[in-house]
Amino acid sequence: MTTVGAVGVNTVNRNVAFGNCKCDCNCEPRKSGGAGKAWASAFVPGLGQMLDGRTGTGIGFLAGTIALIGGTAATVAVGLNKAAGNVKGVSKGFIAGAVALTAAFYATRLADIVSAYRGKQDK
């Protein structure tokens, strides 16, 4: 049902999306979470949360993922630079740092996808 309201078009649909529809049309509020939003977050970190109306959480996941990618790239660059002058190869600290950052990256990606799938949780 599309109507023209004082603010603009689709007043009824907007009210349904925010769960405050008062008409007799048996409107269902927009579903929170789901597989589509999980897939969106799988391709773009935080996108599923942003589509769900949780912009702050989505930006947090996006920023965290970018930071982990940058940290991993910096660690690898420094480690490879030092390894170039080291005849014995890469140090154990470099390997441990790269593994820890990579594990944190994948844990963050998994948490992002699960959070997008679950959607808003009523507290």
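Colleague: Which residues does K37 touch, not counting residues up to four places away in sequence?

Modeller: That list has K31, S32, G48, L51, D52 and A116. Touching here is a contact, meaning heavy atoms within 4.5 Å. Keep in mind that this is a predicted model, where local features need pLDDT of at least 70 and side-chain atom pairs count only at pLDDT 80 or more, while totals for chains, interfaces and linings use all residues. Residues are numbered from 1 along each chain as its sequence is written, and side-chain values use heavy atoms, with hydrogens and water left out.

Colleague: OK. And where does K37 lie?

Modeller: K37 is in helix α2. Helices are DSSP runs of H or I with at least four residues, strands are E runs of at least two, and both are numbered from the N terminus.

Colleague: Is K37 buried or exposed there?

Modeller: Buried, as its relative accessible area is 14%. The cut-offs are under 20% for buried and over 50% for exposed, with partly exposed in between, using a 1.4 Å probe and protein chains only.

Colleague: So what is its charge paired with? Which residue forms a salt bridge with K37?

Modeller: D52 does, and the closest N and O atoms of the two are 3.1 Å apart. The pair ties together parts that are 15 residues apart in sequence, because K37 lies in α2 (residues 35-43) and D52 in the loop between α3 (47-51) and α4 (55-85). A salt bridge means a side-chain nitrogen of Lys or Arg within 4 Å of a carboxyl oxygen of Asp or Glu. In general, side chains of opposite charge can pair when their charged atoms come close.

Colleague: And how accessible is D52?

Modeller: D52 has 3% relative accessibility, so it counts as buried.

Colleague: How many salt bridges turn up in the whole structure?

Modeller: The search finds 3. Another one joins R54 to D52, with the closest N and O atoms 3.4 Å apart. R54 is buried too, at 16% relative accessibility. Then there's R109 with D112, where the closest N and O atoms are 2.8 Å apart. R109 and D112 are 3 residues apart in helix α5 (residues 92-118), so about one helical turn separates them. Both R109 and D112 are buried.

Colleague: Which residues do shared partners join into one network?

Modeller: K37, D52 and R54, through salt bridges that share partners.

Colleague: Which residues form a nonpolar patch on the surface?

Modeller: W39, F43 and V44, with about 390 Å² of accessible area together. Patches take residues with over 30% relative accessible area and no salt bridge, joining like charges within 9 Å and nonpolar side chains (Val, Leu, Ile, Met, Phe, Trp, Tyr) within 5 Å. The areas come from the Shrake-Rupley method with a 1.4 Å probe, and for residues only the protein chains shown count as cover.

Colleague: New topic: where is the place of G33?

Modeller: G33 is in the loop between α1 (11-17) and α2. G33 is buried, with a relative accessible area of 9%. Apart from neighbours within four places in sequence, G33 is in contact with D52, A116, Y117, R118 and G119.

Colleague: How far apart in space are G33 and S115?

Modeller: They are 8.0 Å apart, C-alpha to C-alpha, although 82 residues separate them in sequence.

Colleague: Last one, zooming out: how many helices and strands are there in the protein?

Modeller: 5 helices and 0 strands. Of the 123 residues, 24% are buried. Among contacts with a separation of 6 or more, 49% are between residues 24 or more positions apart. The accessible surface comes to about 8,300 Å², and carbon and sulfur atoms account for 64% of it.
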